[in-house]
Amino acid sequence: MRVLSGIQPSGGLHLGNYFAMMKRMIEYQEHHTLFCFIVNLHALTSVFEAAALRKNTFEAACDFLALGIDPEKSYFYVQSDVPEVTELTWLLSNVTPFGLLERGHSYKDKLARGIPANHGLFAYPVLMAADILLYGADRVPVGKDQKQHLEMTRDIAIRFNQTYGEVFVVPEPDIPEAVAMVPGLDGQKMSKSYGNTIEIFSPHEAMKKRVMSIVTDATPVEAPKNPDTCNLFAIYSLFLDANSKQELRERYLKPGLKYGEVKKELLEVIWNYFTPYREKRAELLADRDGVMRIMKMGADKARMVATEYLNKARHAVGIDY
Ligand code: ADP
Ligand code: TRP
């Protein structure tokens, strides 16, 4: 089975990214063919500073490698290093109904937040479909916010196949309930664009500030607390197995629990969890040439698969005269 997913280098990677996508990708590489990439072309829709995009892309590469992506076992690359994806985007554009894109939640949200509507933002899902269809992916691990984008990819693949003959695999989304929507500090979806994240590799002081500002309710210390509506409990649970989660639940239900103490504990849990990866990441950040060699190798491997699918699509539409 081919498993594929991408992430935007639009800022520091956070717990939502880690649990919904990165951690699961690293697990998948053991038994499946994995395609994991950094979508810098997509990030152009929101990052307009070249130096920041370069820095974020390099750091995202180091993040994944530090967390355990094995570039020998899997296909690990930067989106723009496989230019075939932009050609496929154009071929797919011609079977993508305008109305399908107009209904995009992410596009509509961005317009509602006052972001200027440009073609890149509008066509974002077509580029994402190209990312997926170019490698014949069967399964795509993402968070719930990407569900509609995957439905669009499926629609586009089906329309292409109906118009030109069977070329593309129609992929399945992979969105487990437990990590579908990781809450941020304020209980909304944790997201770079909402400024409510806990970054996995931030310095201790910065992480402390974030964890201590997780919003909790005003239940007095001496009263029992409700774990099921508590944001702090939801974030802490990501790090706990079933037994430990049950223990924490029982602490909530007994009078006397202090949110401030739970936050301090959680800070140490997060910090210690990422400590070995943080050390590895520091080595990678200092070895630019080594990381660049790895990314080049990944792009070369990915291009071989991409070319195969792109050639099939070129033939199907008739531009290979
Ligand atoms: P952000 O919303 O912070 O910009 P991205 O759009 O780069 O994050 O998301 C990268 C991956 O992480 C996607 O698969 C997305 O679904 C997932 N993801 C991001 N935030 C969350 C979250 N809070 N809960 C679950 N999944 C998330
Ligand atoms: N749109 C995705 C996000 O913001 C990123 C992405 C681009 C992606 N191409 C992809 C995810 C292909 C999965 C597969 O998170």
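**Chatting about a cavity and a ligand**

User: Let's start with the lining of the largest cavity. How do its residues divide into nonpolar, polar and charged?

Analyst: The lining has 4 nonpolar residues, 2 polar and 1 charged. Keep in mind that this is a predicted model.

User: Okay, and which residues line that cavity?

Analyst: Ser106, Tyr107, Lys110, Leu121, Tyr124, Pro125 and His149 form the lining.

User: What volume does the largest cavity have?

Analyst: About 50 Å³. The structure holds 1 cavity of 30 Å³ or more.

User: Switching to ligand 2. Where does it sit?

Analyst: Ligand 2 takes up the space of the largest pocket.

User: Which residues come nearest to it?

Analyst: There are 14 residues around ligand 2, and the nearest are Gln8, Tyr124, Met128, Asp131 and Gln146. Tyr124 also belongs to the lining of the largest cavity.

User: Which element gives the most to that shell?

Analyst: That's α7, with 4 residues. β1 (2–7) supplies at least two as well.

User: And how does the shell divide by residue type?

Analyst: Into 8 nonpolar, 5 polar and 1 charged.

User: What about polar side chains, how far is aspartate 131 from a nitrogen of the ligand?

Analyst: A polar side-chain atom of aspartate 131 is 2.6 Å from a nitrogen atom of ligand 2. For glutamine 146, a polar side-chain atom lies 2.9 Å from a ligand nitrogen. Glutamine 8 has a side-chain N or O atom 3.2 Å from an oxygen atom of ligand 2.

User: How much of the ligand does the protein bury?

Analyst: The protein buries 91% of the 370 Å² that ligand 2 exposes when taken alone.

Definitions and conventions. Residues are numbered from 1 along each chain as its sequence is written. Chains are lettered from A and ligands numbered from 1 in the order in which they are written. This is a predicted model: local features need pLDDT of at least 70, side-chain atom pairs count only at pLDDT 80 or more; totals for chains, interfaces and linings use all residues. Side-chain values use heavy atoms; hydrogens and water are left out. On a 1 Å grid over the protein atoms alone, a cavity is a set of points where a 1.4 Å probe fits but cannot get out, and a pocket is an open set with protein on both sides within 12 Å along at least five of seven lines; lining residues have an atom within 4 Å of a point. Grid points are joined across faces, edges and corners, and a volume is the space filled by probe spheres set on the points. Ala, Val, Leu, Ile, Met, Phe, Trp, Tyr, Cys and Pro count as nonpolar, Asp, Glu, Lys and Arg as charged, and the others, Gly among them, as polar. A residue is near a molecule or strand if one of its heavy atoms lies within 4 Å of it. A polar contact is a pair of N or O atoms within 3.5 Å; within protein, one must be able to donate a hydrogen and the other to accept it, and residues adjacent in sequence count only if both atoms are side-chain atoms. Accessible areas come from the Shrake-Rupley method with a 1.4 Å probe; for residues, only the protein chains shown count as cover. A molecule sits in a cavity or pocket if more than half of its atoms lie within 2 Å of its grid points.
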